[in-house]
Amino acid sequence: MSSKKPTQRYYRKRVELFRLIDKIKLWPSRKGTLHGIKTIEKAGDVGWVTTHCGKNFRVSNSCNSRASRWLRNKWFKDVCGACRVPDWKLKKYSSTHFRRHYGSDLLQQDAQVRPSQAAGRP
Ligand SMILES: [Zn+2]
């Protein structure tokens, strides 16, 4: 067991949905259940998401969609049992913050900005 606190991550609020779900691999359904994403197939601004419990649906790459909002606000009632989302993934998600003027826009791989690095920059 480790008592290490999870790394706090900061992302911009206006990141594209695809970049966001590529990173966190979680999907909030309309019923408020958080699913684990198995694959995302992208074709331009639409994509097909397959969850670990076998759901398959079309999503559009918008930062203002319901899913984007719910992900940012962490609105979900429960976690899908069939998806078996691991604890570490949920912890990682809960230590992810969304800020308007601060954080990674996820345009580059591993471009996560940490508070210590960002402090003091112009
Ligand atoms: Zn599921």
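**Entry 1: Leu 26**

I call a residue buried if 20 or more other C-beta atoms lie within 10 Å of its own, exposed if 12 or fewer, and partly exposed in between, with C-beta atoms placed from the backbone. The model is predicted: local features need pLDDT of at least 70, side-chain atom pairs count only at pLDDT 80 or more, and totals for chains, interfaces and linings use all residues. I number residues from 1 along each chain as its sequence is written.

I located Leu 26 in strand S2 (residues 26-28). Helices (H or I, at least four residues) and strands (E, at least two) are DSSP runs, numbered from the N terminus. I then listed the contacts of Leu 26, leaving aside neighbours within four places in sequence, and found Leu 34, Gly 36, Ile 37, Val 85 and Tyr 93. A contact here requires C-beta atoms, placed from the backbone, within 7 Å. For Gly 36, I noted a C-alpha to C-alpha distance of 4.7 Å from Leu 26, at 10 residues apart in sequence.

**Entry 2: The core**

I next looked up the largest nonpolar core, which has 13 residues; Leu 26 is among those with the most contacts inside it, as are Leu 17 and Val 85. Helix H1 (17-24) and S2 each supply at least two residues of this core, and H1 gives the most, with four. Such a core is a set of buried Ala, Val, Leu, Ile, Met, Phe, Trp, Tyr and Cys residues joined through C-beta atoms within 7 Å.

**Entry 3: Strand S5**

I turned to Phe 57, in strand S5 (residues 56-60). Phe 57 counts as exposed because it has 11 C-beta neighbours inside 10 Å. S5 is hardly covered, as the count of buried residues among its five residues is zero.

I found S5 joined to strand S4 (residues 46-51) by five bridges, the two running antiparallel; strands pair if DSSP finds at least two bridges between them. Arg 58 in S5 is the bridge partner of Trp 48. Four residues lie between the strands of this hairpin, in which Gly 54 takes a positive phi near 95°.

**Entry 4: The whole chain**

I counted four helices and seven strands in the chain. Of its 122 residues, 18% count as buried. Among contacts between residues at least 6 apart in sequence, 62% join residues at least 24 apart.

Note on methods:
Contact = placed C-beta atoms within 7 Å.
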